Amino acid sequence: DSTCMRACSLILSWNSEVFTYLFSELRQGTVELKDFSKEVAVMFLESLYSGVVTVEKSQFRELNKISQAFKVTWMSEKCTEAFTQFCESSSHDYTDMVFLFNEAVYSEVTLKSGVLMKIVVETFSRLENVSEIFVEQYLNQNFTIIKPGTLNHLLEMSSGCYVPVLRSLREHLKIKGGITDTVRIILSSAEIIQCMADQGEFCDELLELLLLQFDRMNPEDMKLVMGLIKAVRKQDGSSASTSVSLVNESENTTQVIPN
């Protein structure tokens, strides 16, 4: 169900060095736009003729992708301008914020461009309660699948307000458990360790949940958790001479672990 569209190679080449290479160097007479919808392909070609593009949310990802794929600089800049406007005019409800963040993630991971993510992090970081209205919910929904780079952006915009992040960690440990890459990154953050030390009983609950899984951890994760306990106790002034006893039911042995 393909569609053929005729276009002037000079106009296409004038807008795009990729088209120049395809027509002049490779001597191609046709170019397939198979990774894009017909609607966006038509819009893309019409914009190359007119020099004008209207970027809507519903077509943003494809337009941004096709403009970068063919290195149409002016169109890529228009997409960035439109995205900036999306951020500035956002109502900052969760659904809208997810759209913006996911587009930035897609651009960073798939298109290898961090421009949109920089805009999102700067915009979201200005919101007083971004950890509660966005970060916590996003982590709860994506905790086991989120990529390390994406998590680092969430932590960056949460700077100074990590309790919602810790609540999300607690929910993961309660419901699914397991030391995932997400857990490792969270527990390796010096700022989050300081936040845990300031939380008293909440901190103790998190440490207990981690220790309940101790016998199922690999050596590196055991080392991480024990290092965390020592760091937290050092921060909150607790005695470092106490110990935690864990029963390994599978081997019917008791481990005494100094913290």
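Which residue forms a salt bridge with R170, and how far apart are the closest N and O atoms? Select R170 together with E205: the two form a salt bridge, and their closest N and O atoms are 3.4 Å apart. Please note that the model on display is predicted.

**First stop: R170 and its partners**

Display helix α10, residues 163–175, which holds R170, and helix α13, residues 201–211, which holds E205; the pair therefore ties together parts that are 35 residues apart in sequence. Colouring by accessibility separates the two ends of the opening pair. R170 has a relative accessibility of 18% and so counts as buried, while E205, at 25%, counts as partly exposed.

**Second stop: a link between α4 and α6**

The structure as a whole holds 11 salt bridges. For another of them, select E103 and R61, whose side chains meet with an N to O distance of 3.1 Å. E103 belongs to helix α6 and R61 to helix α4 (residues 60–69), so this contact ties together parts of the chain that are 42 residues apart in sequence. Is E103 buried or exposed? Its relative accessible area is 8%, so E103 is buried. R61, with 32% relative accessibility, counts as partly exposed.

Move to K78 and E81, which form a salt bridge with the closest N and O atoms 3.9 Å apart. Both residues lie in helix α5, at a spacing of 3 residues, or about one turn of the helix. K78 is partly exposed, with a relative accessible area of 39%, and E81 counts as partly exposed at 48% relative accessibility.

How many disulfides does a search of the whole structure find? The search returns 0. Select C161 and C195 to examine the reason. The sulfur of C161 has its closest cysteine sulfur in C195, at 7.8 Å, which is too far for a bond; the cut-off for a disulfide is 2.5 Å. Seen from the other end, C195 is likewise in no disulfide, the nearest cysteine sulfur being that of C161. With the surface shown, C161 counts as partly exposed at 32% relative accessibility, whereas C195 counts as buried at 12%.

R27 is not a glycine, yet it has a positive phi of about 60°. With a relative accessible area of 68%, R27 is exposed.

Continue to H92, in the loop between α5 (73–88) and α6 (94–109). H92 also has a positive phi of about 60° without being a glycine. H92 is partly exposed, and its relative accessible area is 24%.

Finally, select K38, which is found in helix α3. K38 counts as exposed, at 55% relative accessibility.

Conventions:
Residues are numbered from 1 along each chain as its sequence is written. This is a predicted model: local features need pLDDT of at least 70, side-chain atom pairs count only at pLDDT 80 or more; totals for chains, interfaces and linings use all residues. Side-chain values use heavy atoms; hydrogens and water are left out. Buried means under 20% relative accessible area, exposed over 50%, partly exposed in between (1.4 Å probe, protein chains only). Helices (H or I, at least four residues) and strands (E, at least two) are DSSP runs, numbered from the N terminus. A salt bridge is a side-chain nitrogen of Lys or Arg within 4 Å of a carboxyl oxygen of Asp or Glu.
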